[in-house]
Amino acid sequence: VEQLAGTSGGRVWSARSDAELQRLFTTALDEMRGRYLLSFSPQGPLRSGWHALRVRLKNGGGDITARPGYFVTP
């Protein structure tokens, strides 16, 4: 499950108590409020196979959650 979530740019969180679930939910809401969404559309003809993506911040200062790439089927 963790590998699938990581491949898609997500995460897996697990809570063992109501209090922990509330803390994780609050953390998720805080992260969503401070989030930007970037999209990518490749130009030109698409080549089949795996295409790695690298997302970075020009001036640093932030956390990036992104999938490592995408796969194009023939």
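I started with Ala19, which is exposed at 57% relative accessibility (exposed is over 50%, buried under 20%, partly exposed in between, with a 1.4 Å probe and protein chains only). I placed Ala19 in helix H2; helices (H or I, at least four residues) and strands (E, at least two) are DSSP runs, numbered from the N terminus.

A note on the ground rules: this is a predicted model, where local features need pLDDT of at least 70, side-chain atom pairs count only at pLDDT 80 or more, and totals for chains, interfaces and linings use all residues. Residues are numbered from 1 along each chain as its sequence is written, and side-chain values use heavy atoms, with hydrogens and water left out.

Next I checked how far Ala19 lies from Gly69: the C-alpha atoms are 36 Å apart in space, and the residues are 50 apart in sequence.

Then I turned to His51, in strand E1 (residues 49-52). Is His51 buried or exposed? I found it buried, with a relative accessible area of 11%. Its side chain reaches the backbone oxygen of Arg47 at 2.7 Å. Leaving out residues up to four places away in sequence, His51 touches Pro68, Gly69, Tyr70 and Val72 (contact means heavy atoms within 4.5 Å).

I looked up Leu53 as well, in the loop between E1 and E2. Leu53 is partly exposed, at 29% relative accessibility. Neighbours within four places aside, Leu53 is in contact with Phe40, Arg67, Pro68, Gly69 and Tyr70.

Tyr70 counts as buried, at 16% relative accessibility.

Last, I opened the largest pocket, which holds about 900 Å³ of space. A pocket here is an open set of points on a 1 Å grid over the protein atoms alone, where a 1.4 Å probe fits, with protein on both sides within 12 Å along at least five of seven lines; lining residues have an atom within 4 Å of a point. I noted 23 lining residues, with Tyr36, Leu38, Ile64, Thr65 and Ala66 nearest the centre.

Technical notes
Grid points are joined across faces, edges and corners, and a volume is the space filled by probe spheres set on the points. A polar contact is a pair of N or O atoms within 3.5 Å; within protein, one must be able to donate a hydrogen and the other to accept it, and residues adjacent in sequence count only if both atoms are side-chain atoms.
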